[in-house]
Amino acid sequence: MSIMAMAYQQKLAEKLTILNDRGTGVLLRMNYIKKTCLDPKLRPQYLTDKTMEASVKYINKKFPNIDFRGNSVSSKNPCTVEHIDPLRYVTSYLHLFTDKLFFFFQDHVYELLNTIDACQCFFNIAVNFDFTKNYLELIITYISVIVMLSRVEDKKVLVGMYNCAHEMSNGSRWGQLLIREFKLEWKQSSLKMIALLSLQMLYPRRNLPAEQWRSAQLLSLLSAPASMLDPACCDTMACEYLSLEVMERWILLGYLLCHSSLNTNQSSQELWKMALRSGLYLTIIRDETINIHKITEDYFDGLKGYSKRIADIKECREHVIVNSGAMHRERRGFLRNALKELVKVLEDEPGLLGPKVLFVFMALSFSRDEVLWLVRYSENIPKTKTPEDYVDSQMAELLFYMERLRTLMTKYSRVVQRYHVQYLAQFDALLLNDTMQNMYVCPEEESVLMTSFVSTLSALTIKQVENGEEFDFRALRLDWLRLQAYTSVSKAPLSLKEYPDLAKVMNMTQFHTKMLDNVQEMLHETSDLSILCFYPRVFEKMFSQSSEEVSMQRYLMSFPLACSHFNQTVHPLCPEEKRSLRLCVTFLEEIAKQTSSVILEICSEQCNLNDQLLPKHCGQTISAARNKKQKKQTLKKGDVQREKPGTESQRKDRAIVTNMDKLHLTLTELCSSFSGSSDFTVFNHIVTPAEFLTSHLETRLTKIIVRMAHYNQTTQEIGRPSDLLAGIRAYTASLHTLSRYLSLDVTRLVKNVLLQQTQPLDSYGGQTITTLYTNWYLEGLLRQASSNLIVHCPAMHCFVNQTIENEQSFRAEEYSDISEMQALAELIGPYGLKFLSENLMWHITSQVGELKKLVIENMDVLVQMRANFDKPEVMANLQKRLPGENVLKRMTIIGVILSFRAMAQDTLEDKHCPYLMGPIENLRDMVSPDTDIKVTLTVFELASAAGLTCDIDPALVAAVASMRTDNSSVDEEYKLTCLLLVYIAVSLPILALDPNSYYSRHYGGHHNNIHCLATAVNQLSAAMFTVESKNIEQHLKEFLLVASSTLLQLGQNVENRVDGKNRDSIYLLLHMIVEASPFLSQDMLESCFPYVLLRNAYREVYKNYIITLG
């Protein structure tokens, strides 16, 4: 068979492509097995099982000569059938490890390399780039697989187990075959030295120090303005963005396979030494590296005639230790500025992406090489006097501009396509056709391929881009690889090395086709940072160092954006590799934490400034101004004059930087990082950075609001609702300034936080201001009001402290006046007030339960009094048998609670839903006594939530209804309710004995809160009779008759002056009950109680307040 026929039939291009992909999968699989065996959590169970321990040790010791079928099996040979039987279940795992992956790949690699040797192929990276690159990659991948296989510590155990299982089932052995392959024999390789020598022009040109890059103005679009629109092209397009690390791996590992040329070929020796001077370590796969200097020195040490090469290695190692760190540091510094300029120009003129797209890929490739070099050496820092060269606190900026270039390429892909589709059709196709015409030899197979190239390119039009058609030139590129293979064999009729112009045109055309259909793959090839996934400590350290630099904070988002590259680590042959969002989440959490800290610190400062402007601080200023006017001494000796609000903004020198200036600068930098990307994808998860900031702000703002309440459970102290509301408004106003920096829905954030504060617990299970204020008003205010230390003051719509003697830790009116209750309603909203109401109802139901017990204890007396309320003599006798103080005290407590609840409910009106108030009021007014009770309660519940007053309190009805038990009947409950009203009515005269029962015009009520009985009687009776489905008005009339009768008897008792001490004030209580009731009227009152008594009573209680002017 001729060499040309062999080249056609052996399909060298296809096999190189497939085996390179397969080799990468094998390499990843080997790396995964190594990591699995080393990790105690992932290590296969059969290697750690106690029952298998003896078998594992035996196989490891005797491998590959394991005897388990012999008849002389004893305790000395624990590898018996019963021990081996479980291995049948792991055969699939071991089979994948040995046969299907390794041997398949190995056999085909040997076969292909032998075929290439037989074809005597020609290799030159500048001519047949793809063919040479695939050839070198295949050999280096195979070497890497062998190196990884040698690093699997449990390989003998794994293969031995597979060998035993295989022999038991198939009767053949594989262990001896595999163990021979564990040792890498460098001399057996058939690597073509010419493939490496083709790098002697490319590698030195690429491996230059930063000074030469700078003097050549590399990557600068502004260095030659006149040629800015000229297309960037050269004879070796693909070589310009070829990874420097890849070339070094080819050279250093390649010359281990053809090391004899280092002693015979000066060019090989110089190329090899230059690569050795670039670094100490090479990447095998993921985070696996080898010390190439050590490996080469150890290998050459066992060969004769290589003492000079060993000396060269030592010299190169010293050169690396002394110079490498500084050289790469300077490169990174240059690339930061070069990429910054490139990004700025392309952002301003994205049309330049068409002609200058090669610059983008060169910049990305150069930067990627430097990033990976630093990552590789951060965990392998050599002993040097300048370890700071291996630390870069400005890495964030370089990563940022790399991401910006990637984003620009994606964003303006249509611009790139429009340019290159015209370039291919109107230049490349014509140039390729002219090149074909000038060829004096063109075999049929090659002619068909090249003709198809021209026809495919000539058919392209710009309308295809405008119509959004998808391009696919993979077939064309594969045909070009086939053509390289056909024309690179020895004695080919059309030899590619004789037609370098054809190679130049096709390499350029191939690059242009990738701009139409393969931009993402090109970005992956030139800027893939997925290896950072396997260096978490280094990556986190880089982030930490950059976050400490204020100038780098605007670039911090580049770290989580780099995590989007991790999607490229997935390979079909190793789907089990760990995929985690941990790094991405860690970076975003830290950025959000820093940003939220700065934001909330600014808010805190603004809150303090706003607090200085509150009315409560103006007293001192007014006093100072008055004293100054009256020429009095304003300050005592030793006192410091208080600065006026606003003095913090007065500066004599703009160079003076305040804390707020620093905070705003830091905030600007951090927010700039969020504006770079709205979302990105990591392992099929869409990540939105702004949501992390929102979450952090929400969590911290929730805690801050609770702290601002200043609640002290021990001393029962708490901040005024109005002060807390002012603080929240100051925080909210400051948070809204965030919209100047980034697109963040501050309104949604604040609403979410405040909505949580209307619930008893927040989303994290912590107490909210609703819980704190509910507890305080119940324990701090209402408990003292029930003891008459605090008085409900209807005239001022608040609670006030009773006397100076009973000095309280707080002034009740400062927490219960209209403005404070409005602030409370604004803070906790309808939901919070509902929770407050539920707690108030719990206390009311406990009092109602005690009242029922009192009624049951005195039921006989109450029944008689109800029947004889119009017989004074009988009532007087029965009155002596009835204790009345307790029932009135408990009813007063209920009245105080209901009065406070009414004050809180009133503040809701027209606050949260003003546009709904009209319809709600109409619904409430449409309710009549004939309306179904369920409908009535539903409407009243809606009206109550809106802050409207209702005839029947739905919350109180629900609370009373919940007290009913299965054992109680409706008739019994009804009887208790009727007798309770009788009990209250006949006990009213007892109030005259209390010296605090006098009415105060100043308060608009009584000093012992008995005026709250009016609210208690009306609302409680309405709720109880509603539950029992009885007529409320009828029973309240009965109550009015009994109460009037007993109070009239109090007025007739003239002899006992003690009983009538506060008689007039008690008369007013009856009038208050009627006024507060929607079911009673003045006519009803006058029918049973003379109006003249009320008139005289009002005159008596008000006469002490008559002021005469003389």
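## Pockets, a cavity and salt bridges in a predicted model

The second largest pocket is lined by 38 residues, and of these Ser899, Ala902, Asp906, Thr1015 and Gln1019 lie nearest its centre. The model described here is a predicted one. The volume of this second largest pocket is about 980 Å³, and at least two residues of its lining come from each of helix H36 (818-857), helix H39 (885-906), helix H44 (1013-1027) and helix H46 (1063-1076). Among the contributors, H39 gives the most to the lining of the second largest pocket, namely seven residues. Sorted by class, the lining of the second largest pocket holds 17 nonpolar, 15 polar and six charged residues.

The largest pocket holds about 2000 Å³ of space, and its lining is made up of 48 residues, of which Lys133, Glu137, Glu521, His524 and Glu525 lie nearest the centre. The elements that give two or more residues to this lining include helix H2 (12-38), helix H7 (129-151), strand S1 (281-285), helix H18 (357-378) and helix H25 (519-527). H7 gives the most to the lining of the largest pocket, with eight residues, and the lining as a whole divides by class into 18 nonpolar, 15 polar and 15 charged residues.

The largest cavity has a volume of about 80 Å³, and the residues lining it include Leu374, Ser378, Tyr390, Val538 and Lys541. Both H18 and helix H26 (536-547) supply at least two residues of the lining of the largest cavity, with H26 giving the most, four residues. Six residues of the lining of the largest cavity are nonpolar, two are polar and two are charged.

| Space | Volume | Lining by class |
|---|---|---|
| Largest pocket | about 2000 Å³ | 18 nonpolar, 15 polar, 15 charged |
| Second largest pocket | about 980 Å³ | 17 nonpolar, 15 polar, six charged |
| Largest cavity | about 80 Å³ | six nonpolar, two polar, two charged |

Side chains of opposite charge can pair when their charged atoms come close. In this model the count comes to 45 salt bridges. One of them joins the side chains of Lys133 and Glu525, with 3.5 Å from N to O; Lys133 lies in helix H7 and Glu525 in helix H25, so this pair ties together parts that are 392 residues apart in sequence. Lys133 is partly exposed, at 22% relative accessibility, and Glu525 is also partly exposed, with a relative accessible area of 26%.

Another salt bridge links Arg404 with Glu347, whose closest N and O atoms are 2.6 Å apart. Since Arg404 belongs to helix H19 (residues 395-411) and Glu347 to helix H17 (residues 307-348), the pair ties together parts that are 57 residues apart in sequence. Arg404 is buried, with a relative accessible area of 19%, whereas Glu347 is partly exposed, with a relative accessible area of 31%. A further salt bridge, at 3.5 Å from N to O, joins the side chains of Arg368 and Asp369, and both Arg368 and Asp369 are buried. Salt bridges that share partners also join Lys34, Lys35, Arg151, Asp287 and Glu288 into one network.

On the surface, Leu923, Met926 and Leu942 form a nonpolar patch, which together has about 310 Å² of accessible area. Met926 lies in helix H40 (residues 917-926) and is exposed, with a relative accessible area of 65%.

How values were computed. Residues numbered from 1 in each chain as written. Predicted model: local features only at pLDDT ≥ 70, side-chain atom pairs only at ≥ 80, totals over all residues. Heavy atoms only, no water. Patch = residues over 30% accessible without salt bridge, like charges linked within 9 Å, V, L, I, M, F, W, Y side chains within 5 Å. Areas by Shrake-Rupley, 256 points an atom, 1.4 Å probe, with all protein chains shown as cover. Salt bridge = Lys/Arg side-chain N within 4 Å of Asp/Glu carboxyl O. Buried < 20%, exposed > 50% of the residue type's maximum accessible area, 1.4 Å probe, protein only. 1 Å grid on protein atoms, 1.4 Å probe; cavity = no way out; pocket = protein on both sides within 12 Å on 5 of 7 lines; lining within 4 Å. Points joined across faces, edges and corners; volume = space filled by probe spheres on them. Nonpolar A, V, L, I, M, F, W, Y, C, P; charged D, E, K, R; others polar.
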